[in-house]
Amino acid sequence: MVLIGFCGVSQNQSSNYRTIKVAVKDSIYIDSVSINSSSFSIKRKDKTNIDSTFYNINFGKALLTFKKPVETDSIIINYLKFPDFLTKTYKQLDETIIVENTSNLERLYKLSQPNNTTNTIPFDGLTTSGSISRGVTIGNNQNSVLNSELDLQITGKLNDKVSLRASIQDANIPLQESGYSQRLDEFDQVFIELFSDNWNIRAGDIDLQNNDSYFAAFSKRVQGLSVNLNLGDDNKKTNLFAAGAIVRGQFTTSQFTAQEGNQGPYKLQGQNGELFVLIVSGSETVYVNGIPVKRGEDQDYIIDYNAGEIIFNSTYPITSEMRITVDYQFSERNYSRLVAYGGGRIESEKLKFGVSVYSENDAKNQPLQQNLSENQVEILANAGDDKTQMVAPSEIQEALNENRILYKKELNNGVETFVFSNNPDDELYRVTFTPVGENQGSYIISNINAINNIYEYVGILQGNYAPIIQLVAPTKLQIAVVNGSYKPTEKTQVNFEASASKNDLNLFSNLNDDNNDGFAGKLNFEQRLIKSDSLWSINAFFDSDYISANYRNIEGLYNPEFNRDWNLDSSNINGIGNNLGNQTLLNSGIRIFHPKKGRINYHFEHLNYSDGFTGNKHVANTNLLLNKLSLVSYSSFLNANSNINTSTFLRSYNTITYSMKKNWIGSKLAIENNKQKNISTQELTALSQKFKSYELFFGVGDSTNVFAEVGYKNRVNDSIRNNELQKVNTSNTFYLNSKLVQNKNTNLSLYFNYRTLTNEDETIDDERSINSRLQYNQKLFKQIIQWNTIFETNSGTLPQQDFTYIEVEPGQGTYTWIDYNENGIQELEEFEIAQFQDQGKYIRVLLPNRIFIKTHQNRLSQTLTINPSQWSVSDIESRKFWSHFHNQTTYLIDRKLKRNNNSFNLNPFETNLENQLVCN
């Protein structure tokens with residue numbers, strides 16, 4: 001497919017976001033002026049984040065100093081500069097006219113006060129920036145498209161004390177920002193903000209956050225009003241805040257095991273299993289085996305927020321050994337949902353104390369996607385908190401309509417049933433059938449060729465569908481928090497927090513309200529035993545959590561693999577509410593640190609649930625840099641007992657690297673051995689598994705510029721066979737990661753990963769997968785012309801698309817219906833493209849499903865961009881004229897072939913119509 005984009009732009013916009021790549025030193029000056037503390041991160045050369053415990057940052061001086069060594073020779077720093085008008089030097093006097101000391105010249109000078117007064121003019125100094133663009137996109141596989149977009153920012157002072165900041169964006173395609181970039185700008189929001197040195201008021205799109213609480217931490221994108229007020233001085237600070245808004249999304253978590261060699265898409269669902277959900281832009285956090293990964297085409301994954309689908313990039317190969325957890329907010333519109341948040345915080349030299357209150361609830365009398373009848377409200381009132389009781393009959397009486405599947409009522413052995421009918425003389429009903437599980441319903445699908453499935457009664461509890469709809473009850477969550485910290489000496493610090501929650505799962509019902517209230521508390525104590533700026537320092541700590549069985553928080557509390565770490569039931573993935581009673585978690589240990597050699601940590605953890613679970617875990621964590629040798633190790637051992645199971649879980653992950661002047665060599669070793677037995681049967685449970693993995697790698701070059709790294713990885717997996725852990729498969733992986741050319745105008749990089757998975761069971765096919773990416777970028781004529789080439793291959797899936805036809809006004813559709821078999825049923829094969837416009841009475845609508853076909857993808861993209869915007873400051877009129885235009889031409893081949901076996905076709909130009917599924 002060839003795409004040509006052409007647009008005219010009028011703009012005056014620059015970004016203050018900066019990214020620099022530097023070699024690791026004890027202290028690094030990031031910039032010549034102060035930097036903004038609201039956006040700052042440091043990454044290793046492999047793009048993983050460096051924890052803030054490794055470094056100190058002085059934002060005022062833009063000075064970065066490392067407290068302990070990091071296992072990399074270079075780092076990537078992302079930071080936000082202040083606008084120039086904040087960092088440039090303002091002078092009351094002109095230094096060029098200041099005279100030298102003239103005390104010995106006996107001259108007389110007279111100083112006088114000027115009698116002119118300065119008047120502040122309201123709205124003086126407001127500046128606007130942004131762009132208005134018009135663009136035309138044409139292609140050989142699409143119609144012409146006219147794009148229009150407004151992006152306006154307003155900043156400045158209303159008077160000498162109050163400033164204004166606003167952002168307004170309007171586009172003719174009202175979709176969310178795509179998830180193909182790593183950073184989603186603040187300018188993708190619409191807001192207006194008034195602020196001074198001590199207060200600010202913001203209305204519109206708000207990022208509502210609480211990072212000061214342990215139990216009630218959250219981050220939400222909402223639309224409303226927020227107020228913030230700062231009082232006091234440097235010795236004692238007081239902060240008051242309040243916000244009220246309409247919630248754009250509701251927090252939930254999806255967890256699944258990846259498929260071998262399948263880069264995606266992986267479909268996210270709603271809390272009630274909805275297949276089609278809208279993800280709130282930028283709200284997601286994706287974890288693979290408990291480690292967060294990054295969004296972006298040049299990072300680990302991309303996401304389609306509107307379809308709710310995640311695709312992993314070719315440079316991040318996916319295997320069946322990966323556990324994927326996604327925290328995200330989805331647009332839930334069953335009811336209008338309101339949120340209120342407020343509180344205050346006081347800080348002094350030794351004491352910090354804060355109070356906050358959070359309330360989020362549905363407006364039960366303002367349903368949106370549901371139109372509840374009085375009978376349905378009564379059903380919800382009698383259901384209490386039991387979702388299985390929140391179901392209602394789905395039939396709605398309706399007149400005959402050829403574009404709907406309708407049913408009539410009949411008695412079958414004394415049972416009222418629904419039978420398909422298109423007879424206008426019958427009393428007809430539109431019926432919604434819901435899957436309820438095998439042998440839990442009385443209907444099955446009898447016909448899938450019609451515009452909608454046709455269902456047939458087969459007997460009580462003989463089918464898997466029922467003529468019911470699931471009702472969604474309005475809910476309410478309220479949380480109050482009191483927390484703080486006390487630092488009596490330089491060596492001692494105490495942190496504390498208490499929280500109470502009220503969680504009502506059904507505002508229509510007073511039943512089951514006795515379990516709405518919960519309590520949680522936390523106490524943390526840290527003591528510095530030995531402190532040395534040049535030698536080893538030792539800290540001791542003690543941490544305790546108590547969470548009552550009915551306590552609920554806003555978002556996930558512990559790490560995404562908390563349940564797996566403790567061999568708990570994985571049905572609950574927020575770390576609380578495991579239906580095991582009140583929870584107590586104790587954690588105590590020591591931290592040993594050397595500013596140049598690294599750290600050694602050990603801690604002991606104890607987890608107890610009042611209804612029958614006790615676990616003890618030993619954890620050792622090491623990160624040492626001994627001259628040219630780097631050692632990173634994490635090991636743990638768990639011994640757990642419950643009323644049902646007993647288990648032991650050994651884990652160890654180790655990396656050793658030896659660095660030379662221009663190359664490095666290293667090895668990785670990882671093992672897991674998890675055995676959980678049922679007490680009554682002494683049989684291993686499904687959580688039992690074991691694996692051993694080793695990896696060798698070698699690199700050459702400068703990782704900050706030009707380099708190449710090759711490696712080999714072997715892994716052996718054991719699973720349950722005859723109540724024993726036996727080998728089930730072996731994988732071998734070969735990979736190459738390189739940056740062959742990198743300079744101001746040219747970049748060339750190559751990534752290649754080849755993996756084989758050999759199964760011990762001969763009835764299971766072995767699998768092979770190839771992931772690769774070749775990327776070349778060339779800038780010409782002072783970056784006016786940019787040429788970009790990307791060729792990549794990977795394996796994935798393609799959804800088997802279901803669709804139906806919806807009737808619209810004549811002439812507004814594309815398809816017409818011809819009843820070839822004259823049975824009066826609109827069947828999918830009977831719709832054809834209308835020959836004349838007035839015959840177009842139907843449109844085709846795609847339906848979501850969970851059926852995917854395995855594919856192999858070859859993708860070649862060539863992009864030529866002509867951007868003469870830098871000519872806007874030229875003295876040549878013709879160049880100024882052309883600086884308002886931007887042209888981008890793209891040639892794309894995106895071919896997806898059905899993957900039937902382990903063979904690969906890496907030629908993007910070769911056509912295989914037999915196996916070809918998609919070609920763009």
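1. Which residue forms a salt bridge with Glu792, the closest N and O atoms being 3.5 Å apart? In this predicted model, that residue is Arg859. The two sit in distant parts of the chain, with Arg859 in strand β54 (residues 852-866) and Glu792 in strand β49, 67 residues apart.

2. Glu792 also takes part in a salt bridge with Arg773, where the N to O distance is 3.1 Å. Arg773 belongs to strand β48 (residues 767-780) and Glu792 to strand β49 (residues 785-799), so this pair ties together parts that are 19 residues apart in sequence. With a cut-off of under 20% relative accessible area for buried residues, Arg773 counts as buried because its value is 11%. Glu792 is likewise buried, at 10%.

3. A salt bridge also joins the side chains of Glu360 and Lys220, at 3.7 Å from N to O. Strand β23 (residues 351-367) holds Glu360 and strand β13 (residues 218-232) holds Lys220, so the contact ties together parts that are 140 residues apart in sequence. Glu360 has a relative accessible area of 6% and is therefore buried. Lys220, at 2% relative accessibility, is buried as well.

4. The count for the structure comes to 30 salt bridges, with a side-chain nitrogen of Lys or Arg required within 4 Å of a carboxyl oxygen of Asp or Glu. The pairs described above are among them: Arg859 with Glu792, Arg773 with Glu792, and Glu360 with Lys220.

5. On the surface, a nonpolar patch is formed by Leu626, Leu629, Leu631, Ile656, Tyr658, Met660, Ile665, Phe698, Val700 and Val710. Together these residues have about 780 Å² of accessible area. Three strands each supply at least two residues of the patch: β41 (629-642), β42 (645-659) and β44 (689-701).

6. Is Leu631, one of the patch residues, buried, partly exposed or exposed? Leu631 lies in strand β41. Its relative accessibility is 33%, so Leu631 counts as partly exposed. Patch membership requires over 30% relative accessible area, and Leu631 is in the patch.

Methods: Residues are numbered from 1 along each chain as its sequence is written. This is a predicted model: local features need pLDDT of at least 70, side-chain atom pairs count only at pLDDT 80 or more; totals for chains, interfaces and linings use all residues. Side-chain values use heavy atoms; hydrogens and water are left out. Patches are made of residues with over 30% relative accessible area and no salt bridge: like charges are joined within 9 Å, nonpolar side chains (Val, Leu, Ile, Met, Phe, Trp, Tyr) within 5 Å. Accessible areas come from the Shrake-Rupley method with a 1.4 Å probe; for residues, only the protein chains shown count as cover. Helices (H or I, at least four residues) and strands (E, at least two) are DSSP runs, numbered from the N terminus. Buried means under 20% relative accessible area, exposed over 50%, partly exposed in between (1.4 Å probe, protein chains only).
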